[in-house]
Amino acid sequence: MPSLTIIDTVARREDKFPLGCEIVLDLARKASWSADKTITDKGTAAKIGELERDYDIIGFSLYHQLQYFNIVPILSSFSLPLLTYDRSKDDPIICAGGAAVTSNPFPVADFFDFILLGDAEEVLPQILKLYSKNKDLFLRRIAETFDCVLVPKYPGERYKVAITKDISSGLLPPAEGRQPKIELARGCRFNCSFCLQSVIPYRENSLSAIVPILYQYAPKSVFLSANTPASYSEFVPLLNYCQQERIYPRGLSERLSSLKPDVLEKMRELNMIQANIGIEGYSERLRQMIGKPISKDSLIRKLCLIQRYIPILSVNFISHLPTVNIDDVLEFKETMESVLSQRDQEEELNTGYDFTTTPLIARPHTPMELYPYVEEKAESLADSVRISLLDQFTSVKMKFSMSQARRKMEFLLSRGDESFRDFFIKTYSKYPTYYFHQTFAAKIKNCFADGLDVDYWLSAEVHPHWHRISF
Ligand code: SF4
């Protein structure tokens, strides 16, 4: 029986693997392959050396650009040549998939024998069927057959991302070592102009398909997988079902407009005490710019409503937009003062707020794809707001997202091209370490000087070479 393993460079435990990996493993097993997970996040490159390399196919799950730094350490630990062109016919096939490489695979393409762009269920079963020990024949065949498969040895002119209409393979029953997760929807209904999810078509699983699987999780907590679960078209009936079967939904990251009174009421009944509100702009003007045209008054009204139902609210704002100015920041301050004053006036309310400010990362393929990276300008402006709000109100936290250097690197890697491959090799020779994401930020600053024209890649002048891929 041929064998395949999936490596997730972030998951530290088997039950932390993302749903996309679970779907791939399930598809492979149904195609009569032996398929398992490989845990790599063990802290040091030496420990990674314990990994096995006897698989026919080794797949990397790459949904976040910072995972790219772990490709070279892992390939080195397998004692495999780093580049596809240098591997022999006896080496395993090394491949990758996931949202990061789907939007722009070119920075890391040469490390892989092939990269699958888009939804695995659309083509993986056919790819596995074509598998042959004659590695070269196999790669040539899949390059010729699928326009969603990038094979660096047999490059195509253009690629088309695979989008499956039927996402029911995201409805997996409980299993040992699998996170309890049910896929409600893929893609996003909203059109935020910086976000890759806005260009991926929105698809849902029907409630009648979800219920028999969800039933098997009762009575337990289950993650509802979707970009904005509350905008799932049968969300309230779904919560009713959860309530009836004593299933506790988790993982609610929301857009303000999805949190309507009936949804909020149900969330309260289910004791869902926490919600994350997705990225907003400081001011009406900035929200227009990112495709969230919500007025200052409606934002205040909406947050005042939500705080009556949800005791812990995390709200994320974008700070670094090219035109941000002091008026935007002051509007943000006034908005929050209104919401928090209202909270303090109502005796029974004690909602805790956690505001986060994140630099904008305008993703390839989106309307804002050529926006430049903006340095910390807004951060110093917002610092005065932070001090003022913390002075006036209790139960408010306000922080800037973890590391500017880390976000900047993510931005850079999301736009890169083939020339980046030497950058990863050089970085590894300088820091021969497997990176924990948590400790990565401290080191990342030192990577910037390594042979990349950083200013070009962060600027509005960058050539959108990723247009060779279409969604
Ligand atoms: S930012 Fe959130 S709401 Fe907007 S398109 Fe992306 S996933 Fe959807």
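Helices (H or I, at least four residues) and strands (E, at least two) are DSSP runs, numbered from the N terminus.

A quick word on the source: this is a predicted model, in which local features need pLDDT of at least 70, side-chain atom pairs count only at pLDDT 80 or more, and totals for chains, interfaces and linings use all residues. Residues are numbered from 1 along each chain as its sequence is written.

**The whole chain**

The chain has 17 helices and 18 strands. Its radius of gyration is 23 Å, close to the 23 Å that the globule rule gives for 471 residues, so the chain is as compact as a globular protein of that length. (The radius is taken over C-alpha atoms, and the rule is 2.2 Å times the number of residues to the power 0.38.) Along its principal axes, the C-alpha trace spans about 70 × 55 × 40 Å.

Axes are lines fitted to C-alpha atoms, for helices over the stretch in contact, and angles run from 0 to 180 degrees between N-to-C directions.

Another open sheet has three strands in the order β8-β11-β12, with parallel pairing. Its edge strands, β8 (181–183) and β12 (248–250), each pair on one side only. From one strand to the next, the twist averages 35 degrees. Three bridges join β11 (residues 221–225) to β12, and V222 has P249 of β12 as its bridge partner.

| Domain | Residues |
|---|---|
| domain 1 | 1–168 + 408–471 |
| domain 2 | 169–407 |

These bounds come from an automatic or database domain assignment. The domain centres, taken over C-alpha atoms, are 29 Å apart. Where they touch, 34 residues of domain 1 are in contact with 33 residues of domain 2, contact meaning C-beta atoms, placed from the backbone, within 7 Å. On the domain 1 side, α1 (19–30), α4 (99–103), α14 (404–415) and α16 (437–444) each supply at least two residues. The largest share of that side, six residues, comes from α14. By type, that side of domain 1 has 18 nonpolar, five polar and 11 charged residues. Ala, Val, Leu, Ile, Met, Phe, Trp, Tyr, Cys and Pro count as nonpolar, Asp, Glu, Lys and Arg as charged, and the others, Gly among them, as polar.

**Around the ligand**

The ligand is surrounded by C188, F190, C192, C195, Q197, S198, N227, T228, R255, G278 and I279. A residue is near the molecule if its C-beta atom, placed from the backbone, lies within 6 Å of it. This shell divides into five nonpolar, five polar and one charged.

**Two backbone details**

The peptide bond from A218 to P219 is cis, with omega near -15 degrees. You'll find P219 in the loop between α7 (207–215) and β11. S79, a residue other than glycine, has a positive phi, near 55 degrees, and its place is the loop between α3 (71–77) and β4 (93–97).

Methods: Two residues are in contact if their C-beta atoms, placed from the backbone, lie within 7 Å. Two strands pair if DSSP finds at least two bridges between them.
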